[in-house]
Amino acid sequence: MEIRSTMVEELVNCKWLQYCGEQQNVQYDFDVLFQKDHTKAIKTIISTDWENICLEERGNITAYLAINNKKEYNKNWNQLVKKVKLEVLPQIVEKIKEGICIKSLPESIIDDLKFNLITILISDIFSDYYSSEFYHQLYQIYISGHLPCGWDGEFPSGRIIVF
């Protein structure tokens, strides 16, 4: 089980947060709600509601794997998380910090992004066992230069709010 290098390259080379607040010719193959208001976007991304949704979906992944693919999960999950933290995140965090500075976003969102990036990369590795549409969508939003910052609706129904 390995981290896909093409995925890492896309994350390293994407235009982190460059298009926040803009709806520039971006189209996703899923429904989103664009948030152009800077203050509202910050309010939703730092909310416990958004954090709980991300945690819930990560919990769905780990619970499924722990029950249905226990051997692969127990053997690999923690080692892969450690590898992402040590080898991948350092390549990306400085670019995120630059985007945060340019777009006047709070540095506190870095932890949210790191948590989601870890989950995106690890869930991709385990995608033969469990596919997380939620984290796949977050990945698409990040690489498009936007910021997933909240949820519109009652999770899991609804859509991601994109800044």
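Of the 163 residues in the protein, 48% are buried. The model discussed here is a predicted one. Its secondary structure comprises six helices and three strands, which follow one another along the sequence in the pattern α-β-α-α-α-α-α-β-β. The radius of gyration is 15 Å, close to the 15 Å that the globule rule gives for 163 residues, so the protein is as compact as a globular protein of that length. Taken along the principal axes, the box filled by the C-alpha atoms is roughly 45 × 35 × 25 Å. Among the contacts with a separation of 6 or more, 72% link residues 24 or more positions apart.

In α1, which spans residues 5-13, the buried residues are Met7, Val8, Leu11 and Val12. These residues lie on the same side of α1, because they cover an arc of only 135° around the axis. Their packing partners are three helices, namely α4 (70-102), α5 (109-125) and α6 (133-143).

Helix α6 also packs against α3. Two packed helices are described by the angle between their axes and the distance between the axes. For α3 (residues 48-68) and α6, the angle is about 125° and the axes are 9 Å apart. This angle makes α3 oblique to α6. On the α3 side, the contact involves Trp50, Ile53, Cys54, Glu57, Arg58 and Ile61, which meet Phe134, Tyr135 and Leu138 of α6. Sorted by class, the residues of this contact are seven nonpolar and two charged, with no polar ones.

Apart from neighbours within four places in sequence, Asn76 is in contact with Met1 and Phe126.

The other residue is Ile161, which belongs to strand β3 (residues 159-162). With a relative accessibility of 9%, Ile161 also falls under the 20% cut-off and so counts as buried. When residues up to four places away in sequence are not counted, Ile161 touches Leu33, Gln35, Leu147, Pro148, Cys149, Gly150, Trp151 and Asp152.

Notes
Residues numbered from 1 in each chain as written. Predicted model: local features only at pLDDT ≥ 70, side-chain atom pairs only at ≥ 80, totals over all residues. Heavy atoms only, no water. Buried < 20%, exposed > 50% of the residue type's maximum accessible area, 1.4 Å probe, protein only. Helix = DSSP H or I, 4+ residues; strand = E, 2+ residues; numbered from the N terminus. Arc of directions from axis to C-beta. Contact = heavy atoms within 4.5 Å. Axes fitted to C-alpha atoms, helices over the stretch in contact; angles between N-to-C directions. Parallel < 35°, antiparallel > 145°, perpendicular 65-115°, else oblique. Nonpolar A, V, L, I, M, F, W, Y, C, P; charged D, E, K, R; others polar. Rg over C-alpha atoms; globule rule 2.2 N^0.38 Å.
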